[in-house]
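A plain account in running paragraphs will do.

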Amino acid sequence: MLKPRKTHHYIRQALKNDCLRAAVGKATDLAVRKRQDLVNETPYWEDLRHHVHHLKSKVLENPEQSLMTFEARCIANGINVHWAEDAAEARQIIVDLAAQKKVKKIVKSKSLTTEEIELNPALEKAGLETWETDLGEYIVQLEGKTPSHLTMPALHLSRYDIGRLFEKKLGIEYTDNPNELLQVARQRLREHFLSADMGISGVNFAAVEEGAFVVIENEANAHLSISIPKIHVAIMGLEKLIPSLSDLPYFLKVLAPSATGQKASSYVNIIGGPQQHLMEEGPEEVHLVILDNGRSNILADASLRETLFCIRCGACLNICPVFRQVGGHAYGWAYMGPIGATLIPLYNGLSEGRYAPFLSSLCGACFDNCPMRIQIPKHLLTLRNRIAESGKTMLIERVGMKIWSMLAVRPRLYRFITGLAAIVQQLIPFDKAFPAPGYVRHRALGRMDSKGFRSRFMDSEDRREGGR
Amino acid sequence: MNAREQILGRLKAISMTDPISTYDDGLKHRLDAAWDGSFPDESRRLAGLFADALEAVSGEFYSAASVEEAAEIVGRIAHSSDYNAIVVDGGDMADNIALRVTDTLQVIAIPEAAQRSEVLADIHCSMVEAHWGVAETASLAFPYIHAVSTQPHFLAETVIAILKRDRLLAHLGALFNHLSPEEMKNLVLVTGPSRTADIEKILILGAHGPKRLIVILLD
Ligand code: SF4
């Protein structure tokens, strides 16, 4: 797994990669356009956003009660419920379960929570043959990397990259035809579906009233991972609750357009217990791992708990000018883009995640596009404040801000210093800017002798006075 | 204390403090009325919407006035794709149609559970009966309590779904109002053939499930 504290390094790498930027730009443009078309067709879209936000607040207002009811209903439905304080405990529960049931092969469907807890390395270390079955995740698994987008895991790779990867890792003849590449994956994975002992999935929504959970997908791999192996394990963050399945249509109605620009996802699987007694197929055992991993602390934080309303649709990534430049790996963790920039310090701590909230221009497009109406810019500012207050910023930033704030409250001194800087600027040969190593690597430093905000403002005031 | 107690203990301390958002109680009513109001009442026009939505997700739509006509359509589809066998996971309608195609197609019932996935993995065409259809999204609802197996929906390359016209609802909200708690708890909703756009956002059908989804709307 990448490390958020190395963000600067990842960003430098990403900015050097023109192919990455082109791939991210192309994919996100299309997703933004398709989403917007569907939103335009839905005159009550804003009401929908308000309503799903309200449903989430309602169910998380009293999380202890909601989770206890959900657990009791799940147990009544025959689902085995496990609780995990953190990533290590969640991994151990699943590894132990696999050992206890003598599992050899596991098929997994796409789950960001399993990325968060770094499940795959733990399963492999325990000697369990584990296959990602979502095509994008399968590609990323073969590559030995992590997903670069919440809903498009292999966004950073072109078809030529994937062709070369399949040639090297699967020993097939090189092809960059997407359909042929899919057929290879389909054939290989079909064999694994039919012989797997355990299926693992994430959870999109967990309905309190019914004690059932929902897994949404387009490829049919999640359904096959759930219905063929004899044991199914689902893992969910404790914030995935919704009040009831009768509220699900509202969430489905906002999720598919925001995630994939579709009116509806291809498959919505609702699992309310082992299905053996209904059809003699499907899992004999269903296990559900409820993960905290810092979420209860976030819920306790009134100003930031709304970040847990996220349904991982990726719409804020697609519209974000920063994400579109640097892609997903630059954030250094399982969650990326504007929502990742808030979740990284919340889950990993202010020190480890100190750079992430600054990966935003605060333009507000993420809020406008978020189906859950999460006020991401506001949360980013809250986190920036906390990081600054905790002293986790770089020394040069701290000193710079101290000097600036000292000058800002002394207008005369401010004018004098900037005037002096303008004179010094003109003494620099060849019209060069002030040296500012690091800062100017990817952007320009404004000239001190240019017409700054103050003089422009004064000019416009003078004009207004003159016009009266 | 185990993990459960620790987590719930922490959550208990924060319960009921600081309600997160204020909410206008009339909003849900307004929203439901707007959602309902965007659909016609008559079933003919709903069928048209369903057909358009299905085609938009690369599904294929047929309408049949009788079981005989539906059987003829099934026969034609099988013939044009060189299928000589079909697996049927039926309700009454699918079974009735299956009875009428036996001279051109080998009709296979759902195999025993132990061999089910192995057998079905080699069969190219299946016929299933949807419990409900949703016009807005062209989704089909299959509650498990009415199904013998869901594997024919996923393992075959071509899936023919039979939907009775009087089982067509306007939108997803209406569907969940019609489902009983037991039906909605174990359910799969299917919208179009299986798909992926994981390689350069290029849409390819038949990712891990069917490449073709054909819906026959039956009067
Ligand atoms: S923050 Fe909003 S837009 Fe971003 S992934 Fe979460 S739900 Fe989607």
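**Domains, salt bridges and a pocket**

In this predicted model, the domain assignment divides chain A into domain 1 (1-41 + 320-362 + 374-393), domain 2 (42-293) and domain 3 (395-467). The centres of domain 1 of chain A and domain 3 of chain A, taken over C-alpha atoms, are separated by 29 Å.

Salt bridges come next. Side chains of opposite charge can pair when their charged atoms come close. Over all chains, a search of the whole structure finds 28 salt bridges. One of them joins the side chains of A:Glu116 and A:Arg295, at 2.7 Å from N to O. This pair links distant parts of the chain, with A:Glu116 in helix α6 of chain A and A:Arg295 in helix α14 (residues 295-299) of chain A, 179 residues apart. Both A:Glu116 and A:Arg295 are buried. A network of salt bridges links A:Glu116 and A:Arg295 with A:Glu239 and A:Arg312.

Another salt bridge is formed by the side chains of B:Arg10 and A:Asp292 (2.8 Å, N to O). Here the pair crosses between chains: B:Arg10 is in helix α1 (residues 3-14) of chain B, and A:Asp292 is in the loop between β10 (285-291) and α14 of chain A. A:Asp292 has a relative accessible area of 1% and is therefore buried, whereas B:Arg10, at 29%, counts as partly exposed.

Within chain B, the side chains of B:Glu68 and B:Arg100 meet in a salt bridge of 3.2 Å, N to O. B:Glu68 belongs to helix α4 (residues 67-80) of chain B and B:Arg100 to the loop between α5 (92-99) and β3 (106-109) of chain B, 32 residues apart. Relative accessibility is 46% for B:Glu68, so this residue counts as partly exposed; B:Arg100, at 39%, is also partly exposed.

What lines the second largest pocket? This pocket has a volume of about 1,100 Å³. It is lined by 48 residues, and the closest to its centre are A:Asn218, A:Ala259, A:Thr260, A:Gln262 and A:Ser265. Elements of both chains give two or more residues to the lining, among them α12 (248-260) of chain A and α3 (43-56) of chain B. The most comes from α2(A), with 4 residues. By type, the lining residues are 18 nonpolar, 16 polar and 14 charged.

Last are the cysteines. A disulfide is a covalent bond between the sulfur atoms of two cysteines. The search of the whole structure finds 0 disulfides over all chains. A:Cys19 is exposed, because its relative accessible area of 62% is over 50%. A:Cys370, at 9%, is under 20% and therefore buried.

Methods
Residues numbered from 1 in each chain as written. Chains lettered and ligands numbered in written order. Predicted model: local features only at pLDDT ≥ 70, side-chain atom pairs only at ≥ 80, totals over all residues. Heavy atoms only, no water. 1 Å grid on protein atoms, 1.4 Å probe; cavity = no way out; pocket = protein on both sides within 12 Å on 5 of 7 lines; lining within 4 Å. Points joined across faces, edges and corners; volume = space filled by probe spheres on them. Nonpolar A, V, L, I, M, F, W, Y, C, P; charged D, E, K, R; others polar. Disulfide = S-S within 2.5 Å. Buried < 20%, exposed > 50% of the residue type's maximum accessible area, 1.4 Å probe, protein only. Domains from an automatic or database assignment. Salt bridge = Lys/Arg side-chain N within 4 Å of Asp/Glu carboxyl O.
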